[in-house]
Amino acid sequence: RRCITEHWVRQEPQGTRDCPECRRTFAEPTLAPSLKLANIVERYSAFPLDAILGAQRNPFPCKDHEKVKLFCLTDRAVVCFFCDEPAVHEQHQVTNMDDAFEELQRELKEQLQGLQESERGHTEALHLLKRQLAETKSSAKSLRVTIGEAFEWLHRLLRERQKAMLEELEADTARTLTDIEQKIQRYSQQLRKVQEGSQILQERLAEADKHIFLAGVASLSERLKGKIHETNLTYEDFPTSKYMGPLQYTIWKSLFQDIHP
């Protein structure tokens, strides 16, 4: 700032001001920070000067460099400021251990929250499916009785229709129950995987030692594969209306060609 100010003072008699480096002219004095230099300063200011100087003098590498350890968020790995190649992580997102610990704690807590929400969704879906299973069985049982009573007075002409309708009902019931039971089995398996994922994350979050915690983060993605599922429950209603309503009238219409009242 002092250098540029003196440079502009010398240019005041000329009525113009420019940048001493790029020679761009300005009507009014305008200063802007050097982002490149600011980034360098910010990166090195994270380390105490005594820690850097002490680490450079120490003949035993890495294990005595605890104060200058970094964490590469891109590679999910601990990086030594002196022992590791700086060029390897030059374009990576590198930060200090405390910030990395807080960032990864936040990420894992968000994942845990998502898994817990998924667990709640799966539990609710299973509850709905099991209730539908009971209602479907109950509806099918009730419909069997209704159909039997309706055909009782029609005798022989209606026997064939009764048999056909019961077979159709059994097919609908079997198809609906099979679909529900398959979904119950799938959601039960997904729920177990979601619970396993929650347990994995809870165990990792319970680790208080920063180095052990961060060292185990890299394997979490692989361990959590296949354990995160969303709840997208869809199902078709049991075709109850097909067998309800004015059943005798429906039967009469279907057999109109055979019955002469």
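**Close-up views of a predicted model**

**View 1. The helical segment 177-204.** Over residues 177-204 the chain is 100% helix and 0% strand, with the end C-alpha atoms 40 Å apart; helices (H or I, at least four residues) and strands (E, at least two) are DSSP runs numbered from the N terminus. An unreviewed UniProt entry places the feature "coiled-coil region" at residues 177-204; such annotations may be inferred rather than shown by experiment. This is a predicted model, in which local features need pLDDT of at least 70 and side-chain atom pairs count only at pLDDT 80 or more, while totals for chains, interfaces and linings use all residues. Residues are numbered from 1 along each chain as its sequence is written, and side-chain values use heavy atoms, with hydrogens and water left out.

View 2. Strands β3 (residues 69-72) and β4 (residues 77-80) run antiparallel and are joined by four bridges; strands pair if DSSP finds at least two bridges between them. Cys-72 has Ala-77 in β4 as its bridge partner. Four residues lie between the two strands of the hairpin, and Arg-76 in the turn has a positive phi of about 55°.

View 3. Arg-2 and Glu-6 form a salt bridge, their closest N and O atoms being 3.2 Å apart; the criterion is a side-chain nitrogen of Lys or Arg within 4 Å of a carboxyl oxygen of Asp or Glu. Because Arg-2 and Glu-6 are four residues apart in helix α1 (residues 2-11), about one helical turn separates them. The count by this rule is nine salt bridges.

**View 4. A charge over the ring of Phe-101.** Lys-210 lies over the face of Phe-101, at 5.6 Å from the ring centre. A charge sits over a ring if NZ of Lys or CZ of Arg is within 6 Å of the ring centre and within 35 degrees of the ring normal.
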